[in-house]
Amino acid sequence: MRLSRRALLAATTATASLPAASQATAAERRRQLRTGFERLAAQGYALLHGDRVGIVTNPTGITRDVRHIVDVMHADDRVNLTAVFGPEHGFRGTAQAGGSEGRYDDPATGLPVYDTYGKSGQPLADIFTASGVDTIVFDIQDVGARFYTYIWTLYDCMEAARLAGKRVVVLDRPNPVTGRSAEGPVLHKEFATFVGREPISQAHGMTVAELALLFNEEFLTSPVPLDTVRMTGWRRSDFYDASGLPWVPPSPNMPTPDTAVVYPGTCLFEGTNLSEGRGTTRPFELLGAEGIDRRWAAAANELALPGVHFREAYFAPTFSKFQGKTIGGVQLHVHGRAAFDPVRTGIGLLITAKQTWSGFTWRSDNWIDKLTGSTLVRTMIDAGASTDEVVTGWQQELAAFRKMRRHYLLYR
């Protein structure tokens, strides 16, 4: 493991712990969270002075008064913004899962928008070269799960920037489900895909700036010139609603911060023949299939998983699995976020779904292995393992990742 001088210096100057009063005291107002972009702008974009700048962003790249940062930067003579790079779902967010907006000129600013989705390595480096930019800025709201693709967009852009001889600047935003701990299985490299390029845990407990430092020192072929602009006023124990920031869905099926809380566990149902709630107003909180009844919720509640209750639920997805059909299942009701473990909960739900519904199957392409990062979860559940046994199966690898992760944490 290599620790960069920048990571070490940043860690030693981390913001000190601040009061946790429930009311808006003067100390709390001074602690108001400021995003990486807010700090960059307050400093007159000095970090970007003299560079032609391209930015990788999406609808979450906003100010607290909900102006998009591309519009703000384009109108400011202190920064030379010359290109935008759109990830999955697109820069303006018009595409559904697995889609992008393609190459076009943004009507609001006239800036060229390049499509990065599905591109990596030299092809992406060629796009950066063709754009003529000197520095690539990244500002996208993550949700804290390994299989949420924006962190791998960051990884791919860092590697491509290295190949193209560009600098990367990462503007930090909160991990909406806190940065208290890393949880879940760690990816095995032979299962690397766009829902997991490198061996990190399923719930990584890091911000995008912290991940950028880790990627640069641990996983890239060689480091890229990298600067990170940290937040101020964020604590690792903070959920998103403590930030004071507006929530913009990072993707169409991540409508609320509540979705992000359960997503690191219930997204595993994408690897089964059950609906993960896409096509409903509560994706990843509603799960079900034809033929499931009250027995699943009862079995899930018997697990006594911390911080969550399960309600028997019936719903009709408007798209995706079981479109237009009324199906049965469960709704998760998280009543204690601090105690709730989404990954353990997801495993418990998979096990009880298999036990109570004879129609349960994994997706034929074993997508579950890509989501969990190995065959461990699937094979242990098929062998009849309990929730505790499955969770125990990844603890050694998780401990090793946690040890690595500690060197790149910027906040207390």
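Helix α6 (residues 150–164) and helix α7 (residues 208–219) cross at roughly 45°, and their axes come within 10 Å. This is a predicted model, in which local features need pLDDT of at least 70, side-chain atom pairs count only at pLDDT 80 or more, and totals for chains, interfaces and linings use all residues. Residues are numbered from 1 along each chain as its sequence is written, and side-chain values use heavy atoms, with hydrogens and water left out.

Helices (H or I, at least four residues) and strands (E, at least two) are DSSP runs numbered from the N terminus. Axes are lines fitted to C-alpha atoms, for helices over the stretch in contact, with angles running from 0 to 180 degrees between N-to-C directions. Angles under 35 degrees count as roughly parallel, over 145 as roughly antiparallel, 65 to 115 as roughly perpendicular and the rest as oblique.

On that scale α6 and α7 are therefore oblique to each other. From α6, Ile151, Trp152, Leu154, Tyr155 and Met158 meet Val208, Leu211, Ala212, Phe215, Asn216 and Phe219 of α7, contact meaning heavy atoms within 4.5 Å. Sorted by class, the residues of this contact are 10 nonpolar, 1 polar and no charged. Here Ala, Val, Leu, Ile, Met, Phe, Trp, Tyr, Cys and Pro count as nonpolar, Asp, Glu, Lys and Arg as charged, and the others, Gly among them, as polar.

Helix α6 also holds Ala164. Leaving aside residues up to four places away in sequence, Ala164 touches Ala125, Phe128 and Thr129. The C-alpha atom of Ala164 is 8.9 Å from that of Leu124, a residue 40 places away along the chain.

Helix α7 has another partner in helix α14 (residues 395–405): their axes come within 11 Å and cross at roughly 105°. The pair α7 and α14 are therefore roughly perpendicular to each other. Leu214, Glu218 and Phe219 of α7 make this contact with Phe401, Met404 and Arg405 of α14. By class, that gives 4 nonpolar, no polar and 2 charged residues.

Then there is helix α8 (residues 257–266), packed against helix α10 (residues 342–356) at an angle of about 55°, with the axes 6 Å apart. These two are therefore oblique to each other, and α8 passes α10 in a right-handed crossing. On the α8 side, Val261, Val262, Pro264, Gly265 and Thr266 meet Pro342, Val343, Gly346 and Leu349 of α10. The contact of α8 with α10 has 6 nonpolar, 3 polar and no charged residues.

Pro342 turns up again at the second largest pocket, where Pro342, Val177, Thr178, Arg180 and Phe340 lie nearest the centre among 18 lining residues. That lining splits into 9 nonpolar, 5 polar and 4 charged, around about 270 Å³ of space. On a 1 Å grid over the protein atoms alone, a pocket is an open set of points with protein on both sides within 12 Å along at least five of seven lines, a cavity is a set where a 1.4 Å probe fits but cannot get out, and lining residues have an atom within 4 Å of a point. Grid points are joined across faces, edges and corners, and a volume is the space filled by probe spheres set on the points.

By this rule there are 2 cavities of 30 Å³ or more. The largest cavity has a volume of about 90 Å³. Thr60, Ile62, Arg173, Tyr240 and Pro246 are the closest to its centre of the 13 residues that line the largest cavity, and the lining comprises 6 nonpolar, 4 polar and 3 charged residues. The second largest cavity holds about 40 Å³, and α6 supplies the largest share of its lining, 3 residues. Among the residues lining the second largest cavity are Thr153, Asp156, Cys157 and Leu124.

Conventions:
A crossing is left-handed if the near helix is turned anticlockwise from the far one by less than a right angle, and right-handed if clockwise.
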